Amino acid sequence: MMTGTAHLFIPGPTNVPADIQRAMIVPMQDHRAPEFAEILQPVLAGLKPVFGTSEAQIALLPGSGTAAWEAAITNTLSPGDKVLMARHGQFSALWADMALAMGLKVEIIDVAWGAPCPVREVERRLGADRHGEIKAVFVTHNETATGVTSDVAGIRHALDASFHDALLFVDGVSSIGSIPFEMDAWGVDMAIAGSQKGLMCPAGLGIIAASPRALAAMDTSTMARSFLDLRAMLAAHQAGSFCFTPPAQLLHGLRAALTRLQTEGLANVFARHQRLAEGIRAGVAAMGLKMVAEHQIFASDTVTAIRTPQGIDARDVIAIARNRYNTHFGGGLGPLAGKAFRIGHLGDLNEGMCLTALGIAELSLKAAGAPVVLGAGVTAAQHVYAGVAQAPALSI
Ligand code: PLP
C-alpha cells in the first residue's frame, strides 16, 4: 500500500488545487436556463487575458487538446490544402499525422527532437511558396515531449517578412496559462489549449481561440465538421450555453482557476514558472544529466525532459519513482521511450514541490544504477531558489 501523498510531476494533468476541487462540487443545473450564462460568460472573458487576446472569440469544446487541434483544421481549411509545420517531438508529430489523416497536404520540416520550430527554415519555405499554396502554418509552442519552447513571435515575423498570408495555428496546450502567450501581438489565428495543464483543472475541455481572420476562413472552408463546428458553438456561447450538454462542473472549476490566476497576477504566474524551471534545470545539470532540449535558451519553463545516462533505462527510473516513492514522472515518448523521463513543473506548484521532484529523481536514478550524487540536484536547485550562488564543492 502506498502511504502519504502521491506526487504528480507529469506534464498534465497537473495538480488541481483544493479550492478548484471544491468549486466543482455543485449540484447539477439546467444548462438551458438563463442563469447558466452567469458561469459561462466569466469563463470566456477570463480566458482572454490568459490567451493574450481581446480580438479573438473563444470556444469551449468537450474533449481535450486533441479535439481543439481537429477543430482548428476542420473549421478553417479545405481538403487538399497545404499546411507547413515542423516535426520535432511527439505532439508536433501527432498533429501532423492528424492533418494528413484529414486530407491536408503536409509540408513537414523535420528537425531534431530537442530543437525548436526553425524560424529561418519556415521563412525560407514561405518565401519559396510563390503561388501561396500554404494555407496555414502550425506551431507547437511548447513541445511537451522534449521540453522545448518555440518562438511564435519569430514565426509571425517570418510570415510577415515573406508577405505570406497563411493562417498561423499555435498549439499552446502546455504553455497557455503558464508562460507568456500573446495571441493578438503574435498574430495567431487559432490558439489551442486544454483544461488540464496550466489551467489546473481536470481534463475534459479543449479550448480554442479564433482570430477574426480565422473566423472569416470558416466562410470558405469546405472540410466536414459537425460535433466540432466552431461557428455553431460560438453562437451557442453567445446565447449563454453550449450546442449540447456541457460539462458544467468543469466550467465551475475553470472559473475558480481563472480567479486564482488573476489573484496571483499573470506576470507573477509566468515569473514563478520561470524561477521553478531554473531550479529544476540547475538540479539536472548538477546531477550530471543532460536535457533533451539542445540549448538552455529554448528549454521550456513548464516541462523538463531529462536523458538518462547510457545503459540506464528511463522506464526503470519512472517505475522506481512510482512504486517506491509514490511519485509520478512523465515517460519518454516515441523515440525517447526508455531514454528520457520528464518532470512537469506547471500549474499549481512551488519550490518545495520542485525540490521533492529532484530528490525523488535522484533516489530513483541511483536505485536504477545511475552514478548520481545524492543531494547534488536538490542543493543546486536550493541555491537557485535562495537566490545565492552555489559554493564550490570542497576538495579535500
Ligand atoms: N499538444 C501538446 C503540446 C500536448 O502536450 C498534448 C498533451 O499532452 C496535446 C497536444 C494533446 O492534448 P490532449 O491530451 O489534451 O488531447
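Two residues are in contact if their C-beta atoms, placed from the backbone, lie within 7 Å. Helices (H or I, at least four residues) and strands (E, at least two) are DSSP runs, numbered from the N terminus. The model described here is predicted; local features need pLDDT of at least 70, side-chain atom pairs count only at pLDDT 80 or more, and totals for chains, interfaces and linings use all residues. Residue numbers start from 1 along each chain as its sequence is written. The protein contains 13 helices and 14 strands.

**Overall form**

- The radius of gyration of the protein, taken over C-alpha atoms, is 21 Å, which agrees with the value near 21 Å for a compact globule of 396 residues; the globule rule is 2.2 Å times the number of residues to the power 0.38.
- Along the principal axes, the C-alpha atoms fill a box of roughly 75 × 55 × 35 Å.
- Buried residues make up 49% of the 396 residues; a residue is buried if 20 or more other C-beta atoms lie within 10 Å of its own, exposed if 12 or fewer, and partly exposed in between, with C-beta atoms placed from the backbone.
- Of the contacts between residues at least 6 apart in sequence, 72% join residues at least 24 apart.

**The five-stranded sheet**

- An open sheet of 5 strands runs in the order β1-β13-β14-β12-β11, with mixed pairing; two strands pair if DSSP finds at least two bridges between them.
- β1 (7-9) and β11 (290-291) stand at the edges with a single partner strand each, so one side of each has no neighbour in the sheet.
- Strands of a sheet pair through backbone hydrogen bonds, either parallel or antiparallel.
- The pairing of β1 with β13 (residues 327-331) is parallel and extends over 3 bridges, and Leu8 stands opposite His328 in β13.
- Helix α11 (residues 314-325) packs on the sheet and touches β13 and β14, its direction making about 160 degrees with that of β13; axes are lines fitted to C-alpha atoms, for helices over the stretch in contact, and angles run from 0 to 180 degrees between N-to-C directions.
- Helix α10 (residues 266-286) lies across β11, β12 (303-307) and β14 (340-344), and runs at about 5 degrees to β12.

- Helix α4 (residues 90-101) has 12 residues and should span 16 Å at 1.5 Å a residue; its end C-alpha atoms are 16 Å apart, which agrees. The expected span is 1.5 Å times one less than the number of residues.
- The buried residues of α4 are Gln90, Phe91, Ser92, Ala93, Trp95, Ala96 and Ala99.
- These residues pack against several elements, including α3 (65-76), β3 (82-87), β4 (105-110) and β8 (167-171).
- Gly103, with a positive phi near 90 degrees, follows α4.

**Annotated regions**

- UniProt, in an unreviewed entry, places the feature "domain: Aminotransferase class V" at residues 29-318; UniProt positions are given in the numbering used here, feature names are shortened, and annotations may be inferred rather than shown by experiment.
- Over residues 29-318, the chain is 40% helix and 18% strand, and the end C-alpha atoms are 41 Å apart.
- The UniProt annotation "binding site", also from an unreviewed entry, covers Arg342, a residue of strand β14.
- Arg342 counts as buried because it has 26 C-beta neighbours inside 10 Å.
- Neighbours within four places in sequence aside, Arg342 is in contact with Pro11, Gly147, Val303, Thr304, Ala305, Phe329 and Gly330.

**Val170 in strand β8**

- Val170 belongs to strand β8 and counts as buried, with 30 C-beta neighbours inside 10 Å.
- Not counting residues up to four places away in sequence, Val170 touches Val139, His141, Val152, Val188, Ala191 and Ile192.
- The C-alpha atoms of Val170 and Ala361 are separated by 32 Å, the two residues being 191 residues apart along the chain.

**Backbone exceptions**

- Most residues other than glycine have a negative phi, and most peptide bonds are trans.
- Gly12 and Pro13 are joined by a cis peptide bond, with omega about 0 degrees; Pro13 lies in the loop between β1 and α1 (18-23).
- Phe163 is not a glycine, yet has a positive phi of about 50 degrees.
- Phe163 is in the loop between α6 (152-161) and β8, and counts as exposed with 9 C-beta neighbours inside 10 Å.
- Asn326, likewise not a glycine, has a positive phi of about 55 degrees.
- Asn326 is in the loop between α11 and β13, and is partly exposed, with 15 other C-beta atoms within 10 Å.
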